[in-house]
Amino acid sequence: MKIQTNIRGKAAQLVLVFGMGLMLMSCGSDDNGSAIAQQGQPQPFVAPAVFQAAGPTSASIQNTVDQYRAVLGAANNGNIAGPLADGRREINWDGAGGVAVDTAPAPTPFEGFRNTRGARFTTPGTGFVQATAQGMTDHFANQSYVNIFQPFSNQRLFSSDGSTVTNIEFFVPIGATAPPGTLADKPATTKGFGAVFTDVDQPNGSGPNHINGNRSPSTFIEYFGTDGGLLFKSVVPASPGEKSVSFLGIVFTDARIAKVKIVSGDTAPVRGAGPNDDETHDIAMMDDFLYGEPQLRP
């Protein structure tokens, strides 16, 4: 393991390299994803277990995702009311027993999984969309999208609309049989969160002394505690070529994550006017979300 500290201006970053993996932990973050210094005394850094993989097909990351599931919580708790003592929750966006193929736009905030799986989604954009690769092509009106995105679990992908940012907050699930109009209202924390991505093209890397050839990562996840402070930030690994898949997930020893911020790509897909994915624009979409059983927030 190599540890490198890089301090630039007011931002401080701790870069941990495990084998071929890169993990990035910052002192803090604003809503645009830039690192900022936290006020007061710094909290001791606790490194989570990190799982990451990337490759041309779903099989490239399957083993890593399965290992992550086992460490996160062997049982998939589905839509059962919680909190349960152990296990995990998953969202694969495929609905109807995994066979849904319709395009399903959703507003922000998106509350569709708040009761059943304890997750609430928001974005600075106009909302979200669940769709197959062809559905994303039609929704964003860019015919190239069907050739660059592929699902990890069939059939549908997930994307914010008009933004690269997806925020996730956790609640204690109250189950699928909650009375109509009821929303889970007990904030929760989780010990880990991971996500699958497709077509992450731009890797992290920079030239000597950060003065030439800088390449910032297009896709990363930030994890925040109950006080709003940044616990950990990590880059999603990239893979060259079209229809690639990537995975990043972390696990702490206790449920300390209250919020997750995902930045997927460096260019936002926009409904009806989807920009091209090219050498200067990296558009990435998401698939399966996996996270530890939401626990009642202290």
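Which residues of β15 are buried on one side, and which on the other?

## Strand β15

V245, F247, G249 and V251 lie on one side of β15, and S246, L248 and I250 lie on the other. Both faces are covered, and these residues are all buried. Buried means under 20% relative accessible area, with exposed over 50% and partly exposed in between (1.4 Å probe, protein chains only). Strands (E, at least two residues) are DSSP runs, numbered from the N terminus.

## Basis of the model

This is a predicted model: local features need pLDDT of at least 70, side-chain atom pairs count only at pLDDT 80 or more, and totals for chains, interfaces and linings use all residues. Residues are numbered from 1 along each chain as its sequence is written, and side-chain values use heavy atoms, leaving out hydrogens and water.

## Partners of β15

Strands pair if DSSP finds at least two bridges between them. β4 (residues 49–55) pairs with β15 in the antiparallel sense, over seven bridges. Here Q52 stands opposite L248. β12 also runs antiparallel to β15, joined by seven bridges. In that pairing, G194 faces G249.

## The nonpolar cores

A nonpolar core is a set of buried Ala, Val, Leu, Ile, Met, Phe, Trp, Tyr and Cys residues joined through side-chain atoms within 4.5 Å. The largest has 31 residues. F121, F193, I221 and F289 touch the most other members. Elements giving two or more residues to this core include β12 (192–198), β13 (220–224) and β15 (245–251). A second, separate core holds twelve residues, among them F51, V65, L72 and L290.

I221 has contacts (heavy atoms within 4.5 Å). Beyond four places away in sequence, I221 touches residues including F193, F232, L248 and V260.

Conventions: Helices (H or I, at least four residues) and strands (E, at least two) are DSSP runs, numbered from the N terminus.
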